[in-house]
Amino acid sequence: MTSQCFHCNEAIPSGIKLFVTINNTAKIMCCVGCQAVAQTIVDNGLTQYYAVRTEPAHKSQALVPEQLQKHKLLDEAVLQSEFIYQDKESKEAILSIDGMSCAACAWLIEMKLGKLTGLLSINVNATTQRATVKWRDSAIKLSAILLAIEKVGYQALPFKANDAELSNKKQSKAFIKRLGISGILMMQIMMIAFGLYFGAFTDMTEHNKVYLRWVSFILTTPIIFYGAWPFYIGAIKALKAKRLSMDVPVSIAIILAFTASAWATITQQGEVYFESVAMFTFLLLIGKFLEFRARSRAAQVSANLLKLMPMMATKVLSLNDSKVGDSIDAKTQNKETYSKEVLVAAKQLLKGDIVIIKPGEVVPADGVIISGISQLNEAMLSGEQLPISKTINDSVFAGTLNGDGNITVQVKQATSQSFLSQLIRLSEQSQAHKPKIAQLSDKIAQYFVALILLTSIATAIYWQQHLPEEAFWITLSVLVATCPCALSLATPTGLTCATTRLNRAGIMIKGGHVMETMPKINCFAFDKTGTLTTGEFTIHQVELIDNDASITGSKYSKEQVLAIAAALEAHSEHPIAKPFGEHRDYSLTTQQIKVHSGQGVSGIIDNIDYAIGKRSWLEKNAVLKDSHTPSFNGTSCLLMANKRIIAAFYLIDKVRDEAFATISSLNKDNKTLLLSGDGQIACDNLAQTLPLNIVLGGLSAQDKMQQIKYAQEQGFKVAMIGDGVNDSPVFGAAHVSIAMGCGADITKSGADVILLNNKLSSINTLIEISRRTRRIIFQNYLWAFGYNAMVLPLAVTGYITPYMAVIGMSASSILVITNSLRILKQ
């Protein structure tokens with residue numbers, strides 16, 4: 001057998017036995033990389049390549065083993081502890097899958113991976129683009145599963161859901177299960193009850209009626225001991241806390257009604273109300289579920305915070321094994337001191353570690369650049385799209401994206417203490433808020449429940465003395481008829497309908513206090529980039545400078561300088577380069593193009609040296625005439641020809657189409673502010689387009705918070721509309737925080753409202769719906785109290801039977817739900 005790789009012709013390492021069948025013959029390969037490339041050639045029917053090639057292929061181990069190495073790193077127990085859920089015999093993980101476009105993709109992944117030995121289950125959700133995999137670690141490793149997904153054509157990464165999301169999912173499943181079981185059993189019980197009540201079984205013998213009662217008893221038992229269990233738990237917790245919640249009379253009514261009906265069934269004396277208690281419990285469960293959905297909307301837009309931080313980092317090891325944490329002087333760094341690169345878990349990085357960050361990679365930890373120059377996109381922290389040039393001794397932050405240069409960074413603090421981690425903690429703290437309307441409901445219910453219990457006791461004592469045989473049923477009627485079911489539904493049904501209506505309009509509500517607070521807002525503070533503007537630059541003005549015909553023999557026109565600039569910028573990935581694309585003239589050919597990281601682009605067009613980029617870069621070697629020196633205010637770039645500045649381009653963000661109408665509408669009854677980190681001149685230019693009341697630029701996150709607090713001290717209720725992660729602490733200072741849907745993930749985590757449709761006009765929709773919701777919730781409370789005030793005297797005096805009480809209670813609840821459904825109307 002040959003000792004050379006069939007693909008690249010290199011020697012086969014000892015112990016390697018890798019083969020690919022090519023033209024019905026097994027060919028040996030030297031590595032996994034060559035095997036993967038060769039197999040791809042075979043799978044695509046391109047084996048003729050091997051017959052006509054004139055030299056061996058280039059060795060293909062660079063990419064595949066690196067990916068393999070990264071995957072194997074995920075098999076480490078320390079790293080898996082962050083995202084793996086493990087029981088005695090298996091492990092389970094949630095994976096984020098990139099590249100899925102439809103349900104067919106999910107089916108493909110499930111079918112392909114379902115054949116893996118040791119993989120117990122895989123469920124792929126095409127909507128969320130996540131997969132839940134469960135496997136036996138003794139039979140297959142996570143790295144093999146990830147590699148199998150990649151072979152299908154998708155990229156998979158571990159997803160660590162936060163505890164709140166997992167808890168919400170678990171509760172939701174439990175609620176649905178309880179509702180399903182209770183609903184099915186209730187329908188069977190109601191069919192029997194209707195027949196008994198309306199005479200369908202009038203010719204039935206007595207023992208058959210007893211039989212049907214026993215059937216109803218058996219069917220009702222799971223509803224009482226399983227479906228109603230949350231009410232018992234709530235009542236016990238309330239009593240332990242020495243409080244009276246709505247669950248107390250609910251639990252008493254359920255237990256008493258079931259106990260009395262069960263006793264009547266056993267003794268064959270008296271009436272049974274199994275259908276009443278079953279329907280009563282089912283309706284209450286619906287109310288509980290609606291309330292849960294209203295509270296857990298945030299979990300449905302769970303932010304994938306894991307993707308903000310890289311899982312791995314390229315750490316540089318010292319030849320002399322210098323101790324971790326030793327201070328390193330940037331001036332004494334040299335490439336010979338550090339030679340070995342290893343992949344490590346980003347969470348394992350410590351202060352003093354040295355890491356290499358390649359173009360396109362995410363910074364794994366806060367640190368200082370000790371070598372290299374690059375541009376970093378800090379949109380995750382600032383919300384601003386313009387990359388920032390970084391060089392030696394400049395600070396970089398975890399979660400930001402490296403641009404077009406290689407940089408070496410010394411870690412200054414562990415991941416848990418990074419700037420991004422601090423922002424996350426601030427955002428989470430700002431969300432610890434209980435809606436006032438819920439607090440009001442709790443207080444009202446506290447007194448109302450006490451009133452019901454006292455009234456029931458008094459009723460029982462009175463009728464026990466005057467009509468003992470009816471005392472129990474009259475007391476039960478009081479408990480059921482006056483049960484605050486409608487009261488418990490008043491708020492959650494209104495909030496749920498409002499949330500559904502807003503979701504339909506592309507608005508996601510996360511903060512429980514939003515619907516109550518929004519009608520009171522009278523001051524709106526906006527961020528600039530990505531909020532009032534799209535974050536996409538457009539060319540606002542072209543200024544010709546030093547337009548001397550001696551340079552090329554003719555003067556430049558604006559069209560010419562735009563075409564030249566477009567030819568140069570076509571080689572750049574910088575956001576500023578994009579607006580030049582529409583002016584591209586393909587008749588212009590460029591030569592000797594060079595992209596200067598963080599500075600600009602240079603090249604030759606028609607034998608003339610051109611360069612476009614920053615003023616500070618071009619002015620070093622350019623000749624400027626004082627009389628034509630432009631005003632370099634705002635975002636701008638210069639074009640130079642043969643060492644002379646010939647043009648200046650002024651760029652601005654494109655203002656959102658609906659921004660003017662939205663601001664104008666808000667100005668009728670509210671105050672509008674612009675709080676931006678951009679320069680004051682750029683903000684003033686925007687103010688010429690939009691009718692903002694106050695415009696403030698050059699602000700840090702702390703400055704923005706101070707401005708919001710100052711407005712609040714003047715008596716304003718402030719809503720902050722932002723986009724970047726840096727706005728998260730600012731969101732905590734505002735009464736209501738609103739994030740654009742295109743904003744950074746972590747900002748969504750801290751915001752009370754997310755405009756998923758990226759339309760500022762949704763703010764007006766939010767105001768309108770919140771005001772309507774407040775009115776309807778007030779109407780719900782008015783009816784709930786009015787109904788109880790009306791029915792209580794009738795129940796106490798014995799004019800309402802338990803059956804009528806259940807119908808009245810159910811009708812009251814249905815009326816509240818129906819009233820809330822009006823919010824859904826356009």
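Which residues have the most contacts inside the largest nonpolar core? Select I254, F524, F526, L532, V753, I763 and L766, which hold that place in a core of 95 residues. A nonpolar core is here a set of buried Ala, Val, Leu, Ile, Met, Phe, Trp, Tyr and Cys residues joined through side-chain atoms within 4.5 Å. Buried means under 20% relative accessible area, exposed over 50%, and partly exposed in between, with a 1.4 Å probe and protein chains only.

The model is predicted: local features need pLDDT of at least 70, side-chain atom pairs count only at pLDDT 80 or more, and totals for chains, interfaces and linings use all residues. Residues are numbered from 1 along each chain as its sequence is written, and side-chain values use heavy atoms, with hydrogens and water left out.

Helices (H or I, at least four residues) and strands (E, at least two) are DSSP runs, numbered from the N terminus. Centre the view on L766; beyond its neighbours within four places in sequence, this residue is in contact (heavy atoms within 4.5 Å) with L502, I507, I509, V514, M518, I738 and V753. Then select I564, A566, I646 and F649, which are among the 26 residues of a second, separate core.

**Salt bridges**

A salt bridge is a side-chain nitrogen of Lys or Arg within 4 Å of a carboxyl oxygen of Asp or Glu. The count by this rule is 6 salt bridges.

Show D353 and K315, whose closest N and O atoms are 3.7 Å apart in a salt bridge. D353 lies in the loop between β9 (338-345) and β10 (354-357), and K315 in strand β8 (residues 312-318), so the pair ties together parts that are 38 residues apart in sequence. D353 is buried at 4% relative accessibility, and K315 is buried at 16%.

Return to helix α26 (residues 762-796) for E768 and R772, which lie 4 residues apart, about one turn of the helix. Their salt bridge has its closest N and O atoms 3.3 Å apart. E768 is partly exposed at 46%, whereas R772 is buried at 16%. Finally, select K91, D137 and K141, which salt bridges with shared partners join into one network.

**Helix α10**

Select residues 247-267, the 21 residues of helix α10. At 1.5 Å times one less than the number of residues, the helix should span 30 Å, and its end C-alpha atoms are 30 Å apart, which agrees. The next stop is Q268, which follows α10 and has a positive phi, near 60°.
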